[in-house]
Amino acid sequence: MTKVELTPLRPWDDFFPGSDRFAKPDVRDLPKWNNRVVNNLLYYQTNYLAMAVMVFVIVGFLNPMEMFMGMAVVSLVFLGSVWAGENKAMIKDFKRQNPTLFVMAVMLASYFLMSLFNGVMVFMFGITFPLLLIFAHASFRLRNMKNKLENKMEGAGLKKSPIGIVLDALGQQEEGLQKIQEFLEGKLKKG
């Protein structure tokens, strides 16, 4: 079993290199767009974590109690959705077939619960805004060769990272692992 390790903080010129390494995703090809997002999440996860923590801390200093309530509600909804996704066949199938809708449902459920606690603004800025920034960067940032190599190592099980564990829980890496396994089995049968 591989140990969990945090990826290194990528340099600023790699994380945000300029307009030539950003492109609008092809919204008609959802699997390709999903692949880009997942791979960028894996490669830049430490940068995303640092960015989210900065926004989180700023909002937390402005409204500490509301931020704590928002964090508790989102954690409970996320854990409940992961549990339901693993223990209820219908939800597990929905999560595998519609990963984006599943994540949006979790966010909407969190929003609904937060509105009951009057913490909508804190939730929106403290938790959702960093997620929006991360999703935008992961969607528009083109992958480079180093990104692709690191992601192959993660997918082959040579490395394990925190975001890889979360993506596994959301059912986003199973297809990649199956492709790698099929490729390796094919090579073993030939050799």
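Hi everyone, let's start inside helix α4, where Met67, Gly70, Val73, Val74, Val77, Ser81, Val82, Ala84 and Gly85 are buried. Buried here means under 20% relative accessible area, exposed means over 50%, and partly exposed lies in between, using a 1.4 Å probe and protein chains only. Helices are DSSP runs of H or I with at least four residues, strands are E runs of at least two, and both are numbered from the N terminus.

A quick word on where this comes from. This is a predicted model, in which local features need pLDDT of at least 70 and side-chain atom pairs count only at pLDDT 80 or more, while totals for chains, interfaces and linings use all residues. Residues are numbered from 1 along each chain as its sequence is written, and side-chain values use heavy atoms, with hydrogens and water left out.

Now the overall picture. The protein chain has ten helices and zero strands. Of its 191 residues, 34% count as buried. Contact means heavy atoms within 4.5 Å, and among contacts with a separation of 6 or more, 76% join residues 24 or more positions apart.

Back to α4. Its 24 residues should span 34 Å at 1.5 Å a residue, and its end C-alpha atoms are 34 Å apart, which agrees. The expected span is 1.5 Å times one less than the number of residues.

What is the angle between α3 and α4 where they pack? About 125°, with the axes 5 Å apart. The two helices are therefore oblique to each other. On the α3 side, the contact uses Phe56, Val59, Gly60, Phe61 and Leu62, and on the α4 side Pro64, Met67 and Met71. Those residues divide into seven nonpolar, one polar and no charged.

At α5, residues 89–97, α4 packs at about 105°, again with axes 5 Å apart. That makes α4 roughly perpendicular to α5. Ala84, Gly85, Glu86 and Asn87 of α4 meet Ala89, Ile91, Lys92 and Lys95 of α5.

For the terms: axes are lines fitted to C-alpha atoms, for helices over the stretch in contact, and angles run from 0 to 180 degrees between N-to-C directions. Under 35 degrees is roughly parallel, over 145 roughly antiparallel, 65 to 115 roughly perpendicular and the rest oblique. Ala, Val, Leu, Ile, Met, Phe, Trp, Tyr, Cys and Pro are nonpolar, Asp, Glu, Lys and Arg are charged, and the others, Gly among them, are polar.

His137 sits in helix α7, residues 120–140, and is buried at 8% relative accessible area. Its side chain reaches the backbone oxygen of Phe15 at 2.6 Å. Leaving aside neighbours within four places in sequence, His137 touches Phe15, Phe22, Asn40, Tyr44 and Tyr48. Asn40 is also one of the buried residues of α2.

Thr46, in helix α3, counts as buried at 11% relative accessibility. Beyond its neighbours within four places, Thr46 is in contact with Leu6, Thr7, Pro8 and Leu9.

Is Lys24 buried or exposed? Lys24 lies in the loop between α1 and α2, and at 70% relative accessibility it counts as exposed. The C-alpha atoms of Lys24 and Phe140 are 5.5 Å apart, although 116 residues separate them along the chain. Apart from neighbours within four places, Lys24 is in contact with Arg36 and Phe140.

Terms used. Polar contact = N/O pair within 3.5 Å; in protein donor to acceptor, adjacent residues only side chain to side chain.
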